[in-house]
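User: Before the details, please show me the sequence and the model, so that I can follow the questions against them.

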Amino acid sequence: IFSSLAKAQASVANEVYQELGQPSVFLFCPTEYCSSLCSPSPSQSCYLLTIGQELLPGIGVIWTGPKVVSQELSATLLEEVEGVLRRQPIIWDNLYANDYDCRRVFLGPYTGRAPGLMLRLHGLLLNPNCELQANFIPIHTLGSWFRSELGSCARPDHAGTWMEPVGTIGDSPGPWEGTYSPQDALEMALHDWAVEMNRQSSEPGR
């Protein structure tokens, strides 16, 4: 029925999306979801070109970066992906994922993501450690990174005019607002984690 895998996937995704009433959040994870899976490159991948052409514009496309687990994300790469997909990607960030090797737990700060990256993204999902309690630092420092992005980036609205970011995440600015520092973010996360552990240990029955 279909001339390619990409056409088949896009057709099914489009039909489901329309059947559900075109919800505001509908995500599609392509078979080629990172640069290392593309042949020969994202911008020259016949598969991704077809997905970009055939997939309805309201459907979000997931991307993990240069690799399945990407140590760095650059605006240049995301611009290339946006061009071929005809939409800004949603990053599925596997920086902390340990489901492929549960002997490892990742406790460092959120890092390796270029300043101003939010302007090239439609969204960002963080794939955490399997161990729930181990994710305090990853999520806390992700929040610090996000706040710094809000502080440094003005974003265009739907009419194409530039808007100043609205400070909705807390009332007081962090020390790195607009200039994210992984080390500063880590130190604040460690402090807040210790406070949280002390609070929990003092609860009755703990």
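User: Leaving aside its neighbours within four places in sequence, which residues is N98 in contact with?

Analyst: This is a predicted model, in which local features need pLDDT of at least 70 and side-chain atom pairs count only at pLDDT 80 or more, while totals for chains, interfaces and linings use all residues. Residues are numbered from 1 along each chain as its sequence is written, and side-chain values use heavy atoms, with hydrogens and water left out. N98 is found in the loop between β3 (90-93) and β4 (123-126), where helices (H or I, at least four residues) and strands (E, at least two) are DSSP runs numbered from the N terminus. Taking contact as heavy atoms within 4.5 Å, N98 is in contact with R104, V105, F106, P128, N129, C130 and E131.

User: Is N98 buried or exposed?

Analyst: The scale used here calls a residue buried under 20% relative accessible area, exposed over 50% and partly exposed in between, using a 1.4 Å probe and protein chains only. Because N98 has a relative accessible area of 0%, it counts as buried.

User: In what order do the four strands of the open sheet stand?

Analyst: In general, strands of a sheet pair through backbone hydrogen bonds, either parallel or antiparallel. Two strands are taken as paired if DSSP finds at least two bridges between them. In this open sheet the pairing is parallel, and the order of the strands is β1-β2-β3-β4.

User: Which strands stand at the edges of that sheet?

Analyst: Within the open sheet of order β1-β2-β3-β4, an edge strand has a single partner strand, so one of its sides is left without a neighbour in the sheet. The strands in that position are β1 and β4.

User: Which residue of β2 does L27 stand opposite?

Analyst: Strand β1 (residues 27-28) is joined to β2 by two bridges, and these strands run parallel. Along β2 (residues 60-63), G60 and I62 point one way and V61 and W63 the other way, and all are buried. The residue of β2 opposite L27 is G60.

User: Which elements do the buried residues of α2 pack against?

Analyst: The buried residues in α2 are Y47, L48, T50, I51 and G52. These buried residues pack against α1, β1, β2 and α3.

User: Are α1 and α2 roughly parallel or roughly antiparallel to each other?

Analyst: The axes, which are lines fitted to C-alpha atoms over the stretch in contact, with angles from 0 to 180 degrees between N-to-C directions, come within 9 Å and cross at roughly 30 degrees for α1 (residues 5-19) and α2 (residues 46-54). The contact is made by L5, A6, K7, Q9, A10 and N14 of α1 and by Y47, T50, I51 and E54 of α2. Angles under 35 degrees count as roughly parallel, over 145 as roughly antiparallel, 65 to 115 as roughly perpendicular and the rest as oblique. On that scale α1 and α2 are therefore roughly parallel.

User: At what angle do α4 and α5 pack?

Analyst: Helix α4 (residues 136-152) and helix α5 (residues 182-201) have axes 9 Å apart, and their angle makes α4 oblique to α5. The contact is made by F136, I137, H140, T141 and S144 of α4 and by residues of α5 including L186, L190 and W193. The value of the packing angle is about 130 degrees.

User: What is phi of R86?

Analyst: R86 lies in the loop between α3 (75-85) and β3, and R86 counts as exposed because its relative accessibility is 57%. Its phi is a positive value in a residue other than glycine, near 65 degrees.

User: How much of the protein chain counts as buried?

Analyst: The chain holds five helices and six strands, which run from the N terminus as α-β-α-β-α-β-β-α-β-β-α. Of its 206 residues, the share that counts as buried is 37%.
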